[in-house]
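Please walk through this structure with the sequence at hand.

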Amino acid sequence: MPPWNSYKEHLVSLYGEPVYRIGIDGGFSCPNRENGNGGCVYCDALGASAAWLRTSESSFRRSSPFEETIGQGDCGRSRLPLRERIGAIEKQIEKGRDFILRRYGSRRVSLYFQAFTNTYAPVQDLKKLYDAALDCGDFTELIVSTRPDCLTDETIALLASYRDRVDEVWVELGLQSASDRLLRMMNRGHDVSCWQDAVSRASGSGLKVGAHVILGFPTETDEDQALTVETINRSAVSALKIHNLNITARTALLGDYFKGEITAPSFERHLQSTVLFLRRLRPDIVIERLICETPAHRLASPRQFPDKSAFLRALEQRMRQKGAYQGDLCAN
Ligand code: SF4
């Protein structure tokens, strides 16, 4: 067991076997990319979709050079008729289930509405989309990723109504940082109190809540990271995804990177930040992710970063050398 509360082990202890997610692109858009908002400065849109659905990327390798103009996610699909979106969801579930059965020999799967903002639609349309997906078979969990400013009480009530169809219903809410200064720099379009409000309304209705954070955004200080971890510790969050900042093609950050004004954290810097972050974090929070995995052809920086397994090995080794574990510096 690694010295952190690993998602994989958590699922096995809860359900007696591994559970795999089928990542769904439900044809949603994102309010922060529409109406001239510009989107989050690190968002390349393509990266917001499920990795296994990006079949056009399969010819690229870890050694592929960076291609500045490659790819651009489609954010206009929410204008497609609902029946087309439902048809696409059904096909994705069938494909995802076959893939998981072939690769892992498992039939135990969860539904993960992953791409863009998965509550960005009138609640009656959301019901049709979620219902259609859940009608495709037996699912362990329903997981819906969204923005904190796009989660009405009506939507929360709809999601909570699915608790009798699956073992757990989750919402994943991007926080990224608990510094309002950094959220403005990221052009997130919401502040920390908006996230806190969404977390407490969702958890108060019986939903499990996961959070996303980015470590190493330009000008982020150790105090900012400490504030982020304290904010999460004081909230009703049950799971966390940690990302190292990736600077990718077709993002607002790329121009600043080319001008030499910003950098992305190196392997060593992300390792140090992650060790400290985990040590300060509440021990019961399940760790679902520890690095970003942007394909090399879309990744301007960092270029010299090992793959996920190598990072996890280095993290475990570093924490064991220090006698550290998740929560050993947590004040809560
Ligand atoms: S909320 Fe997500 S999809 Fe929307 S702009 Fe930000 S990163 Fe992109």
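Ala 314 counts as partly exposed because it has 17 C-beta neighbours inside 10 Å, and a buried residue would need 20 or more. This is a predicted model. Ala 314 lies in helix H10, which covers residues 308-322. Ser 203 is 111 residues away from Ala 314 along the chain, and 34 Å separates the C-alpha atoms of the two.

The next topic is the interior. In soluble globular proteins, nonpolar side chains tend to be buried together. Here the largest nonpolar core contains 79 residues. Leu 111, Val 171 and Leu 240 have the most contacts inside that core. Leaving aside residues up to four places away in sequence, Leu 111 touches Ile 22, Ile 24, Ala 133, Leu 134, Phe 139, Leu 142 and Ile 143.

Ala 133, one of the residues touched by Leu 111, also takes part in a contact between helices H2 and H3. Helix H2 spans residues 82-104 and helix H3 spans residues 123-134. Their axes come within 9 Å and cross at roughly 25°. Angles under 35 degrees count as roughly parallel, so H2 is roughly parallel to H3. The crossing of H2 with H3 is right-handed. On the H2 side, the contact is made by Leu 82, Arg 85, Ile 86, Ile 89, Glu 90 and Ile 93. H3 contributes Asp 125, Lys 128, Leu 129, Ala 132 and Ala 133. By type, the residues of this contact comprise seven nonpolar and four charged, with no polar ones.

Note on methods: Residues numbered from 1 in each chain as written. Predicted model: local features only at pLDDT ≥ 70, side-chain atom pairs only at ≥ 80, totals over all residues. Axes fitted to C-alpha atoms, helices over the stretch in contact; angles between N-to-C directions. Helix = DSSP H or I, 4+ residues; strand = E, 2+ residues; numbered from the N terminus. Parallel < 35°, antiparallel > 145°, perpendicular 65-115°, else oblique. Left-handed = near helix turned anticlockwise from the far one by under 90°. Contact = placed C-beta atoms within 7 Å. Nonpolar A, V, L, I, M, F, W, Y, C, P; charged D, E, K, R; others polar. Core = buried A, V, L, I, M, F, W, Y, C linked by C-beta atoms within 7 Å. Buried ≥ 20, exposed ≤ 12 C-beta atoms within 10 Å, placed from the backbone.
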